[in-house]
Amino acid sequence: MTPEQCAWKARKLVDWYHADWNYALTSVYFVLGFIALFGVVRLLSMAAQRPATREKLRNSNIGKRTLAGWRYLSYRAYHVPAFSWYSPPLGVMLVGVIGIVFFMVMTLAARPYYWPNKKVPAVTFGSSPPIATRAGWMATALLPFMIAFASKWNFVTFVTGVTHEKLQVFHRWTSWAMFILALVHTFPFIVYHIWKGDMMSQYKTTIWYWSGVATLIPQAWLTFMSIGPIRNRYYEFFKSTHYAASTVFIVFFFLHCNFRLSSWDYFIATAIIYVLSLLASFGNTYLRNGTSHRATLQILKGDMIGVTIPTKISWHPSQHVFVRFCTAGINSFSAHPFTISSTPSQDPGSSEIKFYILPHGGITGRLRALAEGRGGQEIPVVLEGPYGGLRTAFGSFRKVLVIVGGSGGSLVTPLVEDFVRRLEGVEVHVVWMVRTRDAIEWFEDDLVRLQSQAPDGNVKVSIYVTRDIRAGEGSTDSSEAEREKDILSDVKGQHHSGELDVHVVGRPDLSTLIKNESESVDSMAIAACGPSSLLLDVQNTAAALQLDILHGKSSLSEVYLHTEHFS
């Protein structure tokens, strides 16, 4: 090549020898920038927890409107029925859009996409198309972050305070970004070598060609199987094959990079992140929690499974643990998350972890079979956690609204019991939706007890039965009022208390209910756990209240929402 051609080839954005610095490191800085931003937000949030600071925020138009705007982005979500897709919050999607724009610009802005090689006369700028080079390096740079977002113990949670289950969306998105960039990296090489006429020769004799195909196959499997409807339909199979496919992907990806430039750095970073996560999980599971836990399973009314585990570990309300049931067949090799529905005893060493599980397929179906066949017997379990929990002190709000559906009610008892113990002058209203009145019985004792213990009657419980089977068995023309009276009389008859407010009117209008609850107070916290449709309604109503604060249309100074997806 001529000196001019050499200088043109060595330009900053197309120079092969500096592509790792120009594209991989830039991608690292981009992701780290977002992590640092949310780390700053966490520090500001922690400062706002101080009573004096919180009061100043509520009394400041700028402060409360800024907070309301941020929370609107954190709560507003969407549903696409055609794809059975429930979106993450609007703010998270905006982060995703910014990421898409960033990687598109980084991939497509610089020219040329292919070197202007010629066969006659022979002019060869290189065999690695520039667009393929930069796409490959950006995909490589995302590998450590993809692993970090998937880990229960990770530096992202440490910096930002965002719990591992809420980082899963970024794990999936970085996986998709890696896969798309990998395709952009792959096809230009195919085009170039078909043009050159040596495609099959390269594939048979060069390690980085066949190893690239071997990398793409498990990567495609992992990426497409992570699509929501597919993952939900085949979750147990996907979970059991996830680690094997990931191992194959990492091994061939390592071979494919073939020690090029600084590629080792990203694999070393990935190994450090993953090993530290494994060590933390191992220590939390086996050294802290131990291996002596035994669980007792039993079938409850309402088609629920009750799990009780005596333990010495401690936890906070709304936290969850990962449980490995050691007699559940193939599921013994994987742990599953469940929200703890009990509070730790004030007597150290005599606590009980309780779960209430609505069985479906997979592990919950096997647990039902165990409960039916070995109900009352102890089975060995391994506990990892606890994780998650409330990030905001609910005691600073005038009212706390707890909204749960079905087995999502696991959130209720520990929360309300904690409120009764610690909060004074805070009004608590529990709204619980169950399908049948049978489901009332497995939590009713605790609710009645907590209501009676609450000072000044500050705890109110409203139960909505959305499908009362037994009422329809004896009569097809009984009115809603008669059915409601029947259930309410059952509750009063058993406990000599009329405090439980039971309705048989189907699912309530959550938007109207939440807005009505907010009218009599200046600040309100909402905790919600249940199916995705319920969480969507609660999130969007909370987002609408943020808009009212933002536009000065509400007497509220603050509305906070905490959601749980595990039950």
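## Salt bridges in the model

A salt bridge here is a side-chain nitrogen of Lys or Arg within 4 Å of a carboxyl oxygen of Asp or Glu. The structure is a predicted model, and by this rule the count comes to eight salt bridges.

## Glu558 and Arg58

Glu558 and Arg58 form a salt bridge in which the closest N and O atoms are 2.8 Å apart. Glu558 belongs to strand β14 (residues 558-564) and Arg58 to helix α3 (residues 51-59), so this pair ties together parts that are 500 residues apart in sequence. Both Glu558 and Arg58 are buried.

The pair also has a place in a network of salt bridges, which links Arg54, Arg58, Arg71 and Glu558.

## Glu372 and Arg368

Where do Glu372 and Arg368 lie? Both are in helix α14 (residues 362-374), four residues apart, which is about one turn of the helix.

## Lys399 and Glu427

A salt bridge also joins the side chains of Lys399 and Glu427, at 3.6 Å from N to O. This pair links distant parts of the chain, 28 residues apart: Lys399 is in strand β9 (residues 399-405) and Glu427 is in strand β10 (residues 427-434).

Are Lys399 and Glu427 buried or partly exposed? Lys399 is buried, because its relative accessible area is 3% and buried means under 20%. Glu427 has 36% relative accessibility, so Glu427 counts as partly exposed.

## Ser341 in a loop

Ser341 is placed in the loop between β6 (336-339) and β7 (351-357). With 4% relative accessibility, Ser341 counts as buried.

Terms used. Residues numbered from 1 in each chain as written. Predicted model: local features only at pLDDT ≥ 70, side-chain atom pairs only at ≥ 80, totals over all residues. Heavy atoms only, no water. Helix = DSSP H or I, 4+ residues; strand = E, 2+ residues; numbered from the N terminus. Buried < 20%, exposed > 50% of the residue type's maximum accessible area, 1.4 Å probe, protein only.
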